Amino acid sequence: MKKVCVIGLGCIGLPTACILSGKGFKVVGMDTNQKLVEELNHVNIDPLEPELARLANSAIKSGNFILKLDPEEADVFMICVPTPPTEENKADLTYVKDAAKSVLPHLRKGNLVILESTVPPGTTKEILKPILEKSGLEIGNELHLAYCPERVLPGNILKELVGNDRIIGGIDAESAELAKEIYQSFVEGEICLTDATTAEMAKLVENSFRDVNIAFANELSRICDKLNLNVWEVIELANKHPRVNILKPGPGVGGHCIAVDPFFIVEKAPDEAKLIKTARCVNDSMPDYIVEKVKRAVKEAEIKRPIIACLGITYKAGIGDLRGSPALKIVRRLREKGYIVRACDPYVKDFTEFPLLSIEETVKGADCLVLLVDHEEFKGINLDALLKKMRGSLIINTRGIWLSNE
Ligand code: SAJ
């Protein structure tokens, strides 16, 4: 039975470790976050996906998944640590470097190291490899090394971990083949082999593609506002063309991936990545644009001390994740501007910054309704009934739901 040491038990490392342990690997999960390790050890976790909690709990109980604060000897080391952006929007590789250094004393001939973290192209070859060489093992011959990016959608992680195609970039062909043996134990999608730097770039390109396309939709929404057109109708009609598939405008791009990863391309090719950089600017400017829209609407309606009702604060629909949420940014800015702001979000728990109310409480007596997240619970609302509860009738609909009622 092969032993895998997973370093970093976040939203990728933890489900991957659980799945591997379910496939018969002996898994050691390692995280420097003592609280997390303790909670996991006490089978006391409540991650965002309930199915993951069930899987983790049964993996730990089976004894095949052991939690530790330090790595230990294994056949395979899988690095799944965060690479947050620095103030200059460059990739902070501290966690990757620290993870690599922490496994050095445990590396043996024949081991395989896999990096899953999102990194700028060249990181595996130029940064990870030299650190691992300090083990005294020759990379390629004695120690194998591969880059295998995660590409799962928050909110649907377990399903996509198994179902999605995977890219594996080896530092050499043998490393890629060895990594493939691990992933094919649980991946049902196609596994495509390439070199490490191409795999790193492909990951960044996926998220940049989405960012650029969302920016296009957001730019269209601003153009349509100016021309007094309904952007949702324009997009719906344009998408009837067989080769057009425009994404949805919104209040901006949140999360910890799409709003960050494109900068890792810009970092490596700043003069060439003009469109990618511009797309980031367009999407990042959306929260301010929406705040201005609200400001203008209440001013034009000449409402004194307006009450603003905000529906949703998460970064996207269907999950309680607040990381980089444009909706939360908008609520905060409206509050800073001195408006009376009420907000609700059925997915957010344990939030203390301001009160989160029920939908009813949020809209009652409000002058302006700002729809920020397209949660199913909001889609099902009868807009006419909602408007009757409000004092005013202003609607800033950033997600285009309730279209037939507009
Ligand atoms: N958004 C729009 N309009 C759209 C689609 C999305 O405004 O038409 C917004 C969302 O509301 C959200 C943001 O974009 O604020 C990002 O949401 P998302 O669902 O597009 O993506 P993430 O960030 O949750 O996950 C992405 C995924 N990448 C791609 O779809 C190319 C996922 O597969 C990656 O694994 C993940 O990033 C990651 O970890 O890199």
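**Notebook: ligand shell, pocket and cavity**

By class, I find nine nonpolar, three polar and nine charged residues in the shell around the ligand. I note at the outset that this is a predicted model.

*Ligand shell.* I looked up which residues come nearest to the ligand. Of the 21 residues around the ligand, these are Glu 150, Val 152, Lys 203, Arg 210 and Tyr 315.

The side chain of Arg 210 has an N or O atom 2.5 Å from an oxygen atom of the ligand. For Tyr 315, I again read 2.5 Å between a side-chain N or O atom and an oxygen atom of the ligand. At Lys 248 the backbone takes part: one of its N or O atoms lies 2.8 Å from a nitrogen atom of the ligand. I then checked the cover: on its own the ligand has 770 Å² of accessible area, and the protein covers 89% of that.

*Pocket.* Where does the ligand sit? I find the ligand in the second largest pocket. I noted a volume of about 1,000 Å³ for the second largest pocket. Its lining comprises 37 residues, and Leu 153, Arg 210, Ile 214, Ile 258 and Lys 316 are the closest to the centre. The most comes from α8, with six residues. I recorded the classes of the pocket lining as 15 nonpolar, 10 polar and 12 charged.

*Cavity.* How many cavities of 30 Å³ or more are there? I count one. For the largest cavity I have a volume of about 40 Å³. I list its lining as Cys 11, Ile 12, Glu 150, Val 152, Pro 154, Ile 157, His 256 and Cys 257. By class, this lining has six nonpolar residues, one polar and one charged.

How values were computed. Residues numbered from 1 in each chain as written. Predicted model: local features only at pLDDT ≥ 70, side-chain atom pairs only at ≥ 80, totals over all residues. Heavy atoms only, no water. 1 Å grid on protein atoms, 1.4 Å probe; cavity = no way out; pocket = protein on both sides within 12 Å on 5 of 7 lines; lining within 4 Å. Points joined across faces, edges and corners; volume = space filled by probe spheres on them. Helix = DSSP H or I, 4+ residues; strand = E, 2+ residues; numbered from the N terminus. Nonpolar A, V, L, I, M, F, W, Y, C, P; charged D, E, K, R; others polar. Near = heavy atom within 4 Å. Polar contact = N/O pair within 3.5 Å; in protein donor to acceptor, adjacent residues only side chain to side chain. Areas by Shrake-Rupley, 256 points an atom, 1.4 Å probe, with all protein chains shown as cover. Sits in = over half its atoms within 2 Å of the grid points.
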